[in-house]
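Here is a short report on one protein model. Look at the sequence and the structure first, then read on.

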Amino acid sequence: MNFKKFKAATVQTSPVFLNVSATVEKAIRFIKEAHDNGATLIAFPEVFIAGYPYWNWVMTPVQGSAWYEKLYRNSVAVNDTEMQPLYQAARDYNMHIVIGINERGTSFGEIYNTNLIINNQGEIIGKHRKLVPTWAEKLTWTSGDGSSLKVYDTEVGPLGTLACGENTNTLARFTLLSQGELVHIANYISLPVAPPDYDMAEAIKIRAAAHSFEGKLFTIVSCSTISQEIKDALRKDVPNIDALLDRKSSAFSGFIGPNGAVIGSPLIDDEGIVYAEIDLAKCIQPKQMHDILGHYNRFDIFDLRVNVAPTRKITFVDGTENE
């Protein structure tokens, strides 16, 4: 097996709120910067295109309904014209990209929290729909299914991804590990409205460290920030929006190695881009001690069944099957 070495980049920033084209342009600027600094993989935050439904947390469901419509109008399908420059940038800059989108469903009441996996040829090699929206997010997003719990073979190695809170889902994480995942992208949003004693940045780091330490792999974390633009957009409906969305230690972006330790200096709250040199050969030695996919498990006692069939919404039956 060829254990790849490469430079990775991860971004901590805000989208251009509810503006798909401008957010794609912003992403491309980061992709070019990462390329110029020698990276061949870049991670972007959860639902970066083009914004997170913060109104679910700071408004009543009735107030937030108008904002749902705005989000739906700024959600995308993967083949939309507005998305094509992003795929071209992957080709132009030899970049593997994992980026969160609000993906339009087939019904107007259906938006998915989706991570796109794009290779350095500009091809969409996969998309993962968040399995379970977290708490207030259920007012906006539809649940994904097991068909997107996949690890993708790329030029930088076997790559998988989960969005935000589902990085807490032990069985989802094990499903990716069992497919040989060595590079895990965990993307998040800044969540200042968490309970007062909840340190969001520390919680993100703990989840990433747990996955890396248990699976002996690299985790790359990308988290969004809350811009003045986002707060100003919500201010008319929520006059005290600053008090609700201004809070330290709400965002963490960086790299975790196979030993569960942070690589380099992560970004806490600040916007920017950080880099790390990744050597997948470093995933080998730690497994001699704990290989939960092999000698350090008891598959005669435990087994995991995963339904990877896509959800079928309707089946047409014409009554002629037995004729």
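In which loop is Lys 216 found? Lys 216 is in the loop between helix H6 (200-215) and strand E9 (218-223). Helices (H or I, at least four residues) and strands (E, at least two) are DSSP runs, numbered from the N terminus. This is a predicted model, where local features need pLDDT of at least 70 and side-chain atom pairs count only at pLDDT 80 or more, while totals for chains, interfaces and linings use all residues. Residues are numbered from 1 along each chain as its sequence is written, and side-chain values use heavy atoms, with hydrogens and water left out.

Lys 216 is not a glycine, yet it has a positive phi of about 55 degrees. Its relative accessible area is 3%, so it counts as buried. Buried means under 20% relative accessible area, exposed over 50%, and partly exposed in between (1.4 Å probe, protein chains only).

Leu 18 is buried because its relative accessibility is 13%.

The peptide bond from Ile 49 to Ala 50 is cis, with omega near -5 degrees. Ala 50 belongs to the loop between strand E2 (41-43) and helix H2 (55-58). Most residues other than glycine have a negative phi, and most peptide bonds are trans.

## Salt bridges

How many salt bridges does the structure hold? There are 16. A salt bridge is a side-chain nitrogen of Lys or Arg within 4 Å of a carboxyl oxygen of Asp or Glu. Side chains of opposite charge can pair when their charged atoms come close.

Lys 127 and Glu 103 form one of them, at 2.4 Å from N to O. This pair links distant parts of the chain: Lys 127 is in strand E5 (residues 124-129) and Glu 103 in strand E3 (residues 96-104), 24 residues apart. Lys 127 is partly exposed at 30% relative accessibility. Glu 103 is buried at 3%.

## A charged network

Lys 231, Asp 232, Arg 235, Asp 242 and Asp 246 are linked in a network of salt bridges. Within it, Asp 232 pairs with Arg 235, and their closest N and O atoms are 2.8 Å apart. Both lie in helix H7 (residues 228-235), three residues apart, about one turn of the helix.

Arg 235 also pairs with Asp 242, with the closest N and O atoms 2.5 Å apart. Asp 232 is partly exposed at 41% relative accessibility. Arg 235 is partly exposed at 25%, and Asp 242 is partly exposed at 28%.

## A buried loop residue

Where does Asp 80 lie? Asp 80 is in the loop between helix H3 (61-73) and helix H4 (84-92). It counts as buried because its relative accessibility is 16%. Leaving aside neighbours within four places in sequence, Asp 80 is in contact (heavy atoms within 4.5 Å) with Ser 75 and Arg 104.
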